[in-house]
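Hi everyone, thanks for making time this morning. Please have the sequence and the model up on your screens, and we'll walk through it together.

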Amino acid sequence: MKADPAVQRKLLELADVDAELARVDHRRRTLPELAEIAEAEKSVQTRKDAKVANETTLGDLDREVKRQEKEIDAVRAREDRDRALLAGGTVNAKQMTDLEHELNTLERRQATLEDELLELMERREAVELDGQHAAVELAKAQEALSDAANRRDHALADLETVWARRTEERAKLVPVFPEQLLALYERVRAQRGIGASLLRARRCGACRIELDRSAISRISGTAADEVVTCDECGAIMVRTAESGL
Ligand SMILES: [Zn+2]
């Protein structure tokens, strides 16, 4: 394949642009913020789950407290009724003994229920405190997530600017090359990552392998407009005064 040496040299500009585009693309996919965001999302989810669990526990305890209070009220009402009967003086001695006995039982029952209620209230208070702590932790995790997302967005916007500029440069460069030369370049680039590079000091710029004597003499004897490729990596080797031929 033949191509004007000046056009061949232009391939180096194209390769530079492509190398930067590849770097930008790699950077976009490997931004540290991406891993950070994935972690932060997990953390937010864990804390949301904890908050829901806490609210459920709190709801259960509230219902238990209400039930306990109702039971205490019922016991108290019964005590009041018994006391009223005792004070009314309309009951006989046997009934009086029974009522006093029942009143004793009710008072013990009330004390037990009140102890249990107190315990419930203490547990509720502890759970509520946990809930407040969980809410703070959730807010912190959400803040960390949005902070990481912001940094990712800024980084992506910067990369997008570089990407757009280089893509524009590439679009301007591409029409310079004959179709076949560009096709060869693209094919090698797709396979090896680098389509063309400078042959500098007898070394292929793409794979960095030093050409042996026979390769050098072969290339030296090749016309300047002949397109030569590296035997090792297939990249188009652009020859200049730096090539050491
Ligand atoms: Zn090579």
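Let's begin at the hairpin that β1 and β2 form, with 2 residues between the strands. Look at A201 in the turn: its phi is positive, at about 45°. Please keep in mind throughout that this is a predicted model.

Now, what does β1 pair with in the parallel sense? The partner is β4, residues 236-239, which meets β1, residues 196-200, over 4 bridges. Two positions are handy for finding your way: S197 has M237 as its bridge partner in β4, and L199 stands opposite R239.

Zooming out, these strands belong to an open sheet of 4 strands, in the order β2-β1-β4-β3, and the pairing is mixed. Which strands stand at the edges? They are β2 (203-204) and β3 (228-229); each has a single partner strand, so one side of each lacks a neighbour in the sheet. As for β1, 4 of its 5 residues are buried, so the rest of the structure largely encloses this strand.

On to the metal. Which residues coordinate the zinc ion? The SG atoms of C204, C207, C230 and C233 do, at 2.2 to 2.3 Å. Along the chain these donors follow the spacing C-x2-C-x22-C-x2-C. The site is tetrahedral, with angles of 107 to 115° among the 4 donor atoms. For reference, the ideal angle for four tetrahedral donors is 109.5 degrees.

Are these cysteines buried or exposed? Let me take C204 to start with. C204 has a relative accessibility of 1%, and because the cut-off for buried is under 20%, C204 counts as buried. C230, at 5%, is buried too, and C233 counts as buried at 10%. And if you were wondering about disulfides, the structure holds 0 of them.

Next, the packing. The largest nonpolar core has 30 residues, and the ones touching the most other members are L11, L181, L211, I236 and M237. Where do the core residues come from? At least two are supplied by each of α1 (5-30), α4 (179-192), β1, α5 (213-220) and β4. The helix α1 gives the most, with 6 residues.

Beyond residues up to four places away in sequence, L211 touches L199, R202, R203, C204, I216, I219 and M237.

Last stop: L113, found in helix α3, residues 93-173. With a relative accessible area of 1%, L113 is buried. Which residues is L113 in contact with, leaving aside neighbours within four places in sequence? The contacts are Q68, E71, I72 and V75. Take Q68 as an example: Q68 and L113 are 45 residues apart in sequence, yet 6.9 Å apart in space, C-alpha to C-alpha.

That's my tour, and I'm happy to go back to any of these spots on screen.

Key:
Residues numbered from 1 in each chain as written. Predicted model: local features only at pLDDT ≥ 70, side-chain atom pairs only at ≥ 80, totals over all residues. Heavy atoms only, no water. Donors = N, O, S within 2.8 Å, 3.2 Å for Na, K, Ca; no water. Tetrahedral: all angles 85-135°; square planar, octahedral: opposite > 155°, others 65-115°. Buried < 20%, exposed > 50% of the residue type's maximum accessible area, 1.4 Å probe, protein only. Pairing = 2+ DSSP bridges. Core = buried A, V, L, I, M, F, W, Y, C linked by side-chain atoms within 4.5 Å. Contact = heavy atoms within 4.5 Å. Disulfide = S-S within 2.5 Å.
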